[in-house]
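This briefing goes through one protein model topic by topic. Please keep the sequence and the 3D view at hand while reading.

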Amino acid sequence: MVLEDTTGDDDGPEGAADLFRVIGRQIRLLRERAGLTQRELGERLGYSEDLIRSLERGRRTAQPEFLDAADELLGAGGLLRAAKDDMARARARARVKHPAWFQDYARLEAGAVELCYYSNHTIPGLFQTEAHARALYAMRKPLLDDETIEQRVTARLARQALLTNRPAPMVSCVIEEAALRRPIGEWDVHKSQLVELLRLGRLRNVELQVMPLDRPEHAGMGGPFILLTPEGRPQVGYLEVQNISRLITELAEVHTLAARYGCVRAQALSPRESLILIERLLEER
């Protein structure tokens, strides 16, 4: 495979998407040559089956560490490793389509050095698998058309690259146990989502906590929120409900959310206890 310098007409998102699909096909062909299923490849590399499937379809971009590991495991002889610079340039060029009400937040998120989530109803978008995200968009009412669903899923998956960027932002998240028990997309989709949460929760820059159902006191009863710290700028807050969003920059309001988030984290299970709970949820099926 020859990776050409992508300039001119290939500078836009279509050119980047084409490259992602080419790399995905190469991964699939090498995997099949090695006699491995998507699940087996994921297990050997420490990734979920859903992620491998998304990479092979070109829906998600392969990170440098994945290309290095896959190149060695699949005996690619440097073929995948050589694509790292091309993938980095393609990711920088690619533009994603977010809803208008979300675009301001998405721009801040892309350059954040710290992200803090409290989520009481859903799993945060940065942590969602492709199948989980698609199931959420497919069940929206009023219904979204197929093209919009694909655009939203692609945009959500593209955002997730920041979890493994270098330098990666510090990310903490508190998710309600109820959200982890709701089998969005049926059990197979939900199982893959829980497995992905276990993987993400073990990343060095991610602290994942679960708020158990049996807590008699709860500082987050006012609803979900996000705290975001852009590089070189003050921390801001973000609220979103029913497709209505609000970016909070007033210092006093941000401090209130930060204090509330500290209480929520203190009331939740520790990161270690949280991963144990997720493992138990997988065993309950």
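Is C173 buried or exposed? C173 is buried, because its relative accessibility is 1%. The model is a predicted one. Its secondary structure amounts to 12 helices and six strands, and 47% of its 285 residues count as buried. Among contacts with a separation of 6 or more, 72% join residues 24 or more positions apart.

**Cysteines**

- The sulfur of C173 has its closest cysteine sulfur in C116, at 9.6 Å, which is too far for a bond.
- For C116 the closest cysteine sulfur is likewise the one in C173, 9.6 Å away and too far for a bond.
- A disulfide requires the two sulfur atoms to lie within 2.5 Å, and by this rule the count is zero disulfides.
- C116 is buried, with a relative accessible area of 6%.

- Helix α7 spans residues 130-138, and its buried residues are E130, H132, A133, A135, L136 and Y137.
- The cover over these buried residues includes α3 (49-56), α8 (146-159) and α10.
- The axes of α7 and α8 come within 10 Å and cross at roughly 140°.
- Angles over 145 degrees would count as roughly antiparallel, and α7 and α8 are therefore classed as oblique to each other.
- The crossing of α7 with α8 is right-handed.
- On the α7 side the contact is made by E130, A133, R134, L136, Y137 and A138, and on the α8 side by I149, E150, R152, V153, R156 and L157.
- By class, this contact of α7 with α8 holds seven nonpolar, no polar and five charged residues.

**Loops on either side of α7**

- Q128 sits in the loop between β1 (112-119) and α7.
- Q128 is buried, at a relative accessible area of 3%.
- P142 belongs to the loop between α7 and α8.
- The peptide bond leading from K141 to P142 is cis, and its omega is near -5°.

**Helix α10 and helix α12**

- Helix α10 covers residues 186-201 and helix α12 covers residues 271-284; they pack with axes 10 Å apart, at an angle of about 160°.
- At this angle α10 and α12 are therefore roughly antiparallel to each other.
- The crossing of these two helices, α10 and α12, is left-handed.
- From α10, the residues W187, K191, L194, V195, L197, L198 and G201 take part, and they meet L275, I278, E279, L281 and L282 of α12.
- This contact of α10 with α12 comprises nine nonpolar, one polar and two charged residues.
- E186 also belongs to helix α10.
- Phi of E186 is near 75°, which is a positive value in a residue other than glycine.
- E186 is exposed, with 62% relative accessibility.

**Strand β3 and M211**

- M211 lies in strand β3, which runs over residues 206-211.
- M211 is buried, at 0% relative accessibility.
- Apart from neighbours within four places in sequence, the contacts of M211 are V174, I175, E176, E177, H218, V264, Q267 and A268.
- M211 and R265 are separated by 54 residues in sequence, while their C-alpha atoms are 8.2 Å apart in space.

Technical notes. Residues numbered from 1 in each chain as written. Predicted model: local features only at pLDDT ≥ 70, side-chain atom pairs only at ≥ 80, totals over all residues. Heavy atoms only, no water. Buried < 20%, exposed > 50% of the residue type's maximum accessible area, 1.4 Å probe, protein only. Axes fitted to C-alpha atoms, helices over the stretch in contact; angles between N-to-C directions. Helix = DSSP H or I, 4+ residues; strand = E, 2+ residues; numbered from the N terminus. Parallel < 35°, antiparallel > 145°, perpendicular 65-115°, else oblique. Left-handed = near helix turned anticlockwise from the far one by under 90°. Contact = heavy atoms within 4.5 Å. Nonpolar A, V, L, I, M, F, W, Y, C, P; charged D, E, K, R; others polar.
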